[in-house]
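Please look over the sequence and the structure before reading on.

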Amino acid sequence: MVGSRTETLLLMVDESPLAVEWRTPDGRNRPSHVWICDLPTASLNDQLPQHTFRVIWTAGDAQKECVLFKGRQEGWCRDSVTDEQLFRCELSVEKSTVLQSELESCKELQELEPENKWCLLTIILLMRALDPLLYEKETLQYFQTLKVVDPMRAAYLDDLRSKFLLENSVLKMEYAEVRVLHLSHKDLTVLCHLEQLLLVTHLDLSNNRLRALPPALAALRCLEVLQANDNAIESLDGVTNLPRLQELLLYNNRLQQPAALQPLASCPKLVLLNLQGNPLCQAVDTLEYLAELLPLVSSIFT
């Protein structure tokens, strides 16, 4: 993560330094995983068959490089979640054997003490450490049991469960090499690791328990279609400065006032917006407000 001192970022284009202004996608310029800049006009030589971009983080002695070929609109350099071990550490055979033994012991203890919440949580964490995808279904079952045993921490457990599901989804998406992510009907309460979804073009968050679309959502620079129907969304702070967003489906949520839609004005390609089933649709001036706020949106359903 890069802090707010953007002078620590140096952009090299075709091996020449280029002066640019860096900003975060949400415009807050706080420490962020994602920083963007605009290239000055005529900064690229059209005669070259390709362009090499290199970003150097001088404060951390790190750099990344990508190539943009002539005639293409985008080029990417992205670290592998698996290779970087972002969600779990690579285990040696010896460590795996030890953890597997610990898991079996905890399961035996849980059979003797079915309401031991610490035992249940330890089982979940051991499964995550060993193989999060292999144990995904079993982990969700233990979460359900743990919420019954420890209702005082139900909200925390819901958020932790959501975090683990997002991590699993990122891993699956990377293995499948796709840019479409379906997260509907997963009972999600929070959205985590959105910086790992930078290349996603279609995102389905429908039928969950989300109350907001957080500012970190602005990191999804390639997002074209966002479905977030049937949630409990009250805030759209994250739907801001999304340069490719074309369709936004938000029916059956809890948007109260037309002013909550103000962030959408920063999405230049938005053409379809579905707000049916939201309380704001009952306001008499909603359509007039939207026509003024979003003049380029051709289809608005209320």
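How do the residues of the lining of the largest cavity divide into nonpolar, polar and charged? Four are nonpolar, two are polar and three are charged. The structure is a predicted model, and the sections below take its spaces in turn.

## The cavity

One cavity of 30 Å³ or more turns up when the whole structure is searched. The space in this largest cavity comes to about 40 Å³.

Its lining is made up of Arg128, Glu136, Thr139, Leu140, Phe143, Arg161, Phe164, Leu165 and Asn168. Two helices, α4 (136–149) and α5 (154–176), each supply at least two residues of that lining.

## Ser162 in helix α5

Helix α5 also holds Ser162. Is Ser162 buried or exposed? Its relative accessible area is 0%, and because anything under 20% counts as buried, Ser162 is buried.

The side chain of Ser162 reaches the backbone nitrogen of Thr189 at a distance of 2.9 Å. Once neighbours within four places in sequence are left aside, Ser162 is in contact with Asp187, Leu188, Thr189 and Val190.

## Domains

The domain assignment divides the protein into domain 1 (9–69), domain 2 (81–176) and domain 3 (178–300). Between the C-alpha centres of domain 1 and domain 3 there are 29 Å. Contact between these two domains involves six residues of domain 1 and eight residues of domain 3.

## The largest pocket

The largest pocket contains about 2000 Å³ of space. Its lining has 44 residues, and those nearest its centre are Trp35, Val55, Trp76, Cys77 and Leu198. Two or more lining residues come from each of the strands β1 (9–13), β3 (50–57) and β4 (62–69). The largest share is that of β4, with six residues.

By type, the lining of the largest pocket has 24 nonpolar, six polar and 14 charged residues.

## Thr201 in a loop

Thr201 is found in the loop that runs between β5 (180–182) and β6 (202–204). Its relative accessibility is 13%, so Thr201 counts as buried, the cut-off being under 20%.

The side chains of Thr201 and His202 are joined by a polar contact of 3.0 Å. Not counting residues up to four places away in sequence, Thr201 touches Arg179, Val180, Cys222, Leu223, Glu224 and Val225.

Note on methods
Residues are numbered from 1 along each chain as its sequence is written. This is a predicted model: local features need pLDDT of at least 70, side-chain atom pairs count only at pLDDT 80 or more; totals for chains, interfaces and linings use all residues. Side-chain values use heavy atoms; hydrogens and water are left out. On a 1 Å grid over the protein atoms alone, a cavity is a set of points where a 1.4 Å probe fits but cannot get out, and a pocket is an open set with protein on both sides within 12 Å along at least five of seven lines; lining residues have an atom within 4 Å of a point. Grid points are joined across faces, edges and corners, and a volume is the space filled by probe spheres set on the points. Helices (H or I, at least four residues) and strands (E, at least two) are DSSP runs, numbered from the N terminus. Ala, Val, Leu, Ile, Met, Phe, Trp, Tyr, Cys and Pro count as nonpolar, Asp, Glu, Lys and Arg as charged, and the others, Gly among them, as polar. Buried means under 20% relative accessible area, exposed over 50%, partly exposed in between (1.4 Å probe, protein chains only). A polar contact is a pair of N or O atoms within 3.5 Å; within protein, one must be able to donate a hydrogen and the other to accept it, and residues adjacent in sequence count only if both atoms are side-chain atoms. Contact means heavy atoms within 4.5 Å. Domain bounds come from an automatic or database domain assignment.
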